Amino acid sequence: MKTLDVVILTDTHYYSKKNWVDGDPYAFPPAREQLYRRGSEEIIRHVLDSLCEEGEPEIVLISGDLTNNGEVTSHEEMRELLRELKRRGKRVYVTTATHDYRGEGVSYGFDRNNQKVDVPAFCREDLRAFYQEFGRDEAVSVHEQTMSYAVDLTPEYRLLALNDDRGYDHAGYTDECFVWIRAQILQAQEKGMFVFAMTHHPVLTPSPLYKLIASGDLLENGEARAKAFADLGVHVMLTGHSHIHNISSVTSDKGNVFYDVSTAALVGFPPKYRVLHFDPDARSAAIETRTVDHVPGLDTDGLSLSAFTEKQFLGTVSDILTTAETDYEAFIPLANGFSLREDKARKLKWIIQPAAKMVNRLTFGKIWKLIGGKRCGISRGEIAPIRWEKVVPFAMQMAANLFRGDPAFDTDSVQYRLAKAFFVRLDKLSKPFASKLKGAGIESISGLLLPLLHKEGLPDGDCTITF
Ligand SMILES: [Fe+2]
Ligand SMILES: [Fe+2]
């Protein structure tokens, strides 16, 4: 079987500059958020341009959240860029997701004072015809209700472009849709084809923490679906939505493996996309991560795009930590930008607010004392150089690690050993609240937080997966 290369981009969140109604987007400081909205046009244009260079894959996949929030202007400009990509010889396949429409047909723009104003947006049904030429026109089968489709990229490769969007608080496939999915897989396999898929929402959680804060963002029955895909011979699913650069896997009871290859948002922190090289005969796929570092014409304070978006991101995390303690109402919308829903934020106030208060004041020396000084295995001499250092920047790097993937903090360092001992102590202290924590999806605090410092096993960026 021939090998196949594809590019996967996701969560491009294109935001047309026309949505700064009568205003200049660059007249205002960039919003502190995980996405760099006002630079989205430049970033996407630059990446699509670079994909047209010699030797780049012919096939480009985009797995949803094409636009900021479904603005008509954003879609029109985004589609024009995709049409241009096709004119330059690429084959482009897209699915849409919840950021591509608004139920009421209204999204937001900004007026000349940077205040929010209404702008027209697409409704979900508008997307069907609008992106028909990016996949469904060529499909061997379409699941009309969900707009999912199956397309034969070559006589040997079938892509399932699945639309798992079932409204703003639900993602997944109905049993009826899964019957269609199964039929597409079996039909392709009868012809000896290799099948892989893309869907918007995470099938497997990218980290234990994500499952806690954003369980509603995960695909319904994700693990069971993943195992079903694996047993059907579909081992690779390309996903987005979480904006987290991650690869997770699960093995079915029959011993078949499934990989959820989640790619970060192209216009966020970290600004990344991937190239996959499928080699079914070797039962493997080599995965390469590309970071968008220099975008001509884009003002990034003299920094690389990844450094710039990281700075914005860390600024937001810092605001979150401050408001969680001092202004919980201001904290809620900020945390919402990181997938913590409003109802959950309110429900978890009892733990979030005191936790933030504690974290904001903590120094490494205080932690060392709290967990018993040298009895925790760290000597006075080891702690001395970092005794007065605040832990907030360390905690912020943990948050950044969640998104960037491949956390590789030195496990021999004093900070890591101290953090580990501290989290284990918190596990013990929180035992009386075990059932409350379990109800919130927390097995243990150490299990939740240690993976943000050091990840064992499967890399998130570059690797070769085997199936
Ligand atoms: Fe997104
Ligand atoms: Fe999304």
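Modeller: Residues count from 1 along each chain as its sequence is written. In this predicted model, local features need pLDDT of at least 70 and side-chain atom pairs count only at pLDDT 80 or more, while totals for chains, interfaces and linings use all residues.

Colleague: Where do domain 1 and domain 2 come from?

Modeller: The bounds, 4-292 for domain 1 and 305-452 for domain 2, come from an automatic or database domain assignment.

Colleague: What makes residues of domain 1 and domain 2 count as in contact?

Modeller: Their C-beta atoms, placed from the backbone, must lie within 7 Å. By that rule, 26 residues of domain 1 are in contact with 25 residues of domain 2. Helix 5 (residues 208-213) gives the largest share of domain 1's side, 5 residues; helices here are DSSP runs (H or I, at least four residues), and strands are too (E, at least two).

Colleague: Why do you say strand 4 and strand 5 pair?

Modeller: Pairing takes at least two DSSP bridges. Strand 4 (residues 106-110) and strand 5 (residues 116-120) have 5, in the antiparallel sense, so they pass. G109 stands opposite V117 in strand 5.

Colleague: What makes strand 3 and strand 15 edge strands?

Modeller: The open sheet runs 3-2-1-13-14-15. Strand 3 (91-95) and strand 15 (463-466) each have a single partner strand, so one side of each lacks a neighbour in the sheet.

Conventions: Chains lettered and ligands numbered in written order. Contact = placed C-beta atoms within 7 Å. Buried ≥ 20, exposed ≤ 12 C-beta atoms within 10 Å, placed from the backbone.
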